[in-house]
Amino acid sequence: MEVGFLGLGIMGKAMSMNLLMNGFKVTVWNRTLSKCNELVAHGASIGKTPAEVINKCKITIAMLSDPAAALSVVLDKDGVLEQFCGGKGYIDMSTVDPETSCRINEAITSKGGQFLEAPVSGSKQPAETGQLVILAAGDKALYEAAMPAFDILGKKSFFLGQVGNGAKMKLVVNMIMGSMMNAFSEGLTLADRSGLNPRDLLDVLDLGAIANPMFKGKGPAMLQNNYSPAFPLKHQQKDMRLALALGDENSVPMPVAAASNEAFKKARSMGLGDMDFSAVFETLKVLKHSS
Ligand SMILES: NC(=O)C1=CN([C@@H]2O[C@H](COP(=O)(O)OP(=O)(O)OC[C@H]3O[C@@H](n4cnc5c(N)ncnc54)[C@H](OP(=O)(O)O)[C@@H]3O)[C@@H](O)[C@H]2O)C=CC1
Ligand SMILES: O=CCCC(=O)O
């Protein structure tokens with residue numbers, strides 16, 4: 001099967017490499033074109049623009065940073081829409097808001113094409129090992145046509161109905177995750193300041209009702225001030241902001257998520273946006289120094 005792939009950041013690089021290593025023919029494009037080199041060295045073809053990739057491939061996947069990037073790649077000069085026509089499918093796996101997904105859907109279908117949103121749960125390592133959870137919605141025939149690729153990329157795919165539902169599900173999940181990360185950071189800090197060994201806290205948490213892969217995976221690195229990015233903090237803050245907007249639209253009070261968003265904004269203001277989202281832990285250390 002041949003696919004196009006637009007966006008070779010942390011996730012896109014791992015996902016496209018995984019497709020390549022599993023026998024797919026992949027044509028890649030990235031805004032910073034030099035990031036295509038590693039994929040090309042492993043057998044990928046390169047498109048100089050998104051339009052060139054669309055022209056070549058029947059199905060193209062995108063994995064881009066945020067709503068502005070997702071729209072720009074479709075609508076701007078040399079973008080996806082310039083070459084779109086009937087018989088082609090576009091799958092956006094970026095995390096965006098439902099409105100952005102709906103705008104892209106309208107643009108693609110106005111050209112006779114098929115559109116699927118398919119944001120993912122799971123981070124850098126699951127992307128490398130094909131263990132993502134795919135949250136698809138939109139064109140059911142495209143979902144079925146893309147299943148050989150989804151089977152490589154993920155351990156489970158959900159089809160959630162109309163366009164927007166995938167984005168909503170993803171934002172709800174990441175809203176919960178961001179709030180959990182803040183509660184976890186406060187717990188590690190409270191344990192330390194009240195005289196406990198935070199490593200003991202990790203062991204206790206891991207044996208109880210709130211044990212989870214995120215605490216287990218990120219905790220030891222956080223205690224060593226290691227925030228090597230798997231999920232960049234700037235993207236987690238974007239997801240909190242988009243989830244809060246979804247809460248506004250649906251009149252859902254979300255005081256916990258709102259406070260967590262403020263903590264991620266604080267971390268961004270400290271220059272931590274490109275670090276892993278667990279670097280929000282650092283915002284609590286600043287309080288210590290200033291007291
Ligand atoms: N990292 C993770 O754990 C997860 C991330 N996600 C979501 O997946 C998406 C990608 O995440 P991730 O790979 O971590 O992000 P990165 O920041 O590593 O990569 C972002 C990608 O978007 C491209 N990009 C940014 N702005 C533009 C633009 N204006 N025009 C064209 N391309 C642009 C970048 O190109 P360039 O190289 O030129 O900067 C790069 O390819 C995000 O929506 C994120 O929320 C979802 C699940 C997990
Ligand atoms: O959007 C990013 C999700 C990261 C994760 O699920 O670990």
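This is a predicted model: local features need pLDDT of at least 70, side-chain atom pairs count only at pLDDT 80 or more; totals for chains, interfaces and linings use all residues.
Residues are numbered from 1 along each chain as its sequence is written, and chains are lettered from A and ligands numbered from 1 in the order in which they are written. Local features need pLDDT of at least 70 and side-chain atom pairs count only at pLDDT 80 or more, while totals for chains, interfaces and linings use all residues; side-chain values use heavy atoms, with hydrogens and water left out.

User: What percentages of helix and strand does the chain have over residues 164-282?

Analyst: UniProt, in an unreviewed entry, places "domain: 3-hydroxyisobutyrate dehydrogenase-like NAD-binding" at residues 164-282. The end C-alpha atoms of this span are 34 Å apart. Its composition is 70% helix and 0% strand.

User: How many bridges join β1 to β2, and do the strands run parallel or antiparallel?

Analyst: Strand β1 covers residues 2-6 and strand β2 covers residues 25-29. Within the pairing, E2 has K25 as its bridge partner, and F5 stands opposite V28. Two strands pair if DSSP finds at least two bridges between them. For β1 and β2 the strands run parallel, and the number of bridges is five.

User: Why is β2 described as largely enclosed by the rest of the structure?

Analyst: Buried means under 20% relative accessible area, exposed over 50%, and partly exposed in between (1.4 Å probe, protein chains only). Strand β2 is largely enclosed because the number of its five residues that are buried is four.

User: Which residues of β5 point the other way from G89 and I91?

Analyst: Strand β5 (residues 89-92) is joined to β4 (residues 59-62) by four bridges, and the two run parallel. In this pairing I61 stands opposite I91. In a regular strand the side chains alternate between the two faces of the sheet. All four residues of β5 are buried, and those pointing the other way are Y90 and D92.

User: What share of the exposed area of ligand 1 does the protein bury?

Analyst: Ligand 1 is surrounded by 26 residues (a heavy atom within 4 Å), of which the closest are N30, T32, K35, S123 and K238. Oxygen atoms of ligand 1 lie 3.3 Å from a backbone N or O atom of G9, 2.8 Å from one of M11 and 2.9 Å from a polar backbone atom of S65. Accessible areas come from the Shrake-Rupley method with a 1.4 Å probe, and for residues only the protein chains shown count as cover. Taken alone ligand 1 exposes 900 Å², and the buried share is 88%.

User: How many charged residues does the shell around ligand 1 have?

Analyst: Ala, Val, Leu, Ile, Met, Phe, Trp, Tyr, Cys and Pro count as nonpolar, Asp, Glu, Lys and Arg as charged, and the others, Gly among them, as polar. The shell around ligand 1 has 12 nonpolar and 10 polar residues, and its charged residues number four.

User: What share of the exposed area of ligand 2 does the protein bury?

Analyst: G122, S123, K170, N174, M177 and F231 surround ligand 2, and this shell divides into two nonpolar, three polar and one charged. Oxygen atoms of ligand 2 lie 2.9 Å from a backbone N or O atom of G122, 2.7 Å from a polar side-chain atom of K170 and 2.8 Å from one of N174. Taken alone ligand 2 exposes 250 Å², of which the protein buries 82%.

User: Which residue's side chain forms a polar contact of 2.7 Å with that of D276?

Analyst: D276 is found in the loop between α13 (255-269) and α14 (282-290), and is buried, with a relative accessible area of 1%. Its side chain reaches the backbone nitrogen of F231 at 3.0 Å. A polar contact is a pair of N or O atoms within 3.5 Å; within protein, one must be able to donate a hydrogen and the other to accept it, and residues adjacent in sequence count only if both atoms are side-chain atoms. The partner at 2.7 Å is S278.

Notes:
UniProt positions are given in the numbering used here, feature names are shortened, and annotations may be inferred rather than shown by experiment.
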